[in-house]
Amino acid sequence: MSLGDPIADMLTRIRNALRINKEKVDVRASNICQGIADVLKKEGYIKDFDRIDDGKQGILRIVLKYDPQGQSVVTEIKRISKLGRRVYSSVDELPRVLSGMGIAIVTTSKGVMSDKECRQANIGGEILCTVS
């Protein structure tokens, strides 16, 4: 478990769970991870998530989403901004993932948002990851 980068740990756990067709995955809870899960739910990449109190930091239980044929809705989830190299972008330079078919998750001064929400709010920020 990566104690230094909870976002990378969360994305890796989701990626690994999708590869073996698990129904749910548990990750350590943090405000940023909860924001990412909220964006994934709003955009339809996961079914749901719950924050479970374990007496410590808490756990996010994420319910993964599959299509009727059993294929994962998420084809790729990729970390962009890392601990050693932060990637910031203005609203004009936000990436368009798969020409708008995917999303970029951005942390802004107004919270964690998708790239589409950032364009509507006319705000840039740190690009956390891309999902397609």
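**View 1. The whole chain agrees with the globule rule.** With 132 residues, a compact globule would have a radius of gyration near 14 Å, and the protein has 14 Å, so the two agree. Do keep in mind as you browse these views that this is a predicted model. Taken along the principal axes, the box filled by the C-alpha atoms is roughly 40 × 40 × 25 Å.

View 2. How many helices and strands does the protein have? The secondary structure comes to three helices and eight strands. Of the contacts between residues at least 6 apart in sequence, 60% join residues at least 24 apart.

View 3. Of the 132 residues in the protein, 44% are buried. If you are thinking about charges, the side chains include 22 positive and 17 negative ones. The centres of these two sets lie 3 Å apart.

View 4. Which residue of S7 is the bridge partner of threonine 108? That partner is glycine 111. Together S6 and S7 form a hairpin, with two residues between the strands. As background for looking at either strand, side chains in a regular strand alternate between the two faces of the sheet.

**View 5. Asparagine 21, a loop residue with positive phi.** Asparagine 21 is found in the loop that links helix H1 (6–19) to strand S1 (24–28). Its phi is near 55°, a positive value in a residue other than glycine. For context, most residues other than glycine have a negative phi.

View 6. Where does serine 99 lie? Its place is the loop between strand S5 (88–89) and S6, and S6 is the strand that forms the hairpin with S7. Serine 99 has a phi near 55°, again positive in a residue other than glycine. Is this serine 99 buried or exposed? The relative accessible area of serine 99 is 71%, so the residue counts as exposed, the cut-off for that label being over 50%.

Conventions. Residues numbered from 1 in each chain as written. Predicted model: local features only at pLDDT ≥ 70, side-chain atom pairs only at ≥ 80, totals over all residues. Heavy atoms only, no water. Helix = DSSP H or I, 4+ residues; strand = E, 2+ residues; numbered from the N terminus. Rg over C-alpha atoms; globule rule 2.2 N^0.38 Å. Buried < 20%, exposed > 50% of the residue type's maximum accessible area, 1.4 Å probe, protein only. Contact = heavy atoms within 4.5 Å. Lys, Arg positive; Asp, Glu negative; His and termini not counted. Charge placed at Lys NZ, Arg CZ, Asp CG, Glu CD. Pairing = 2+ DSSP bridges.
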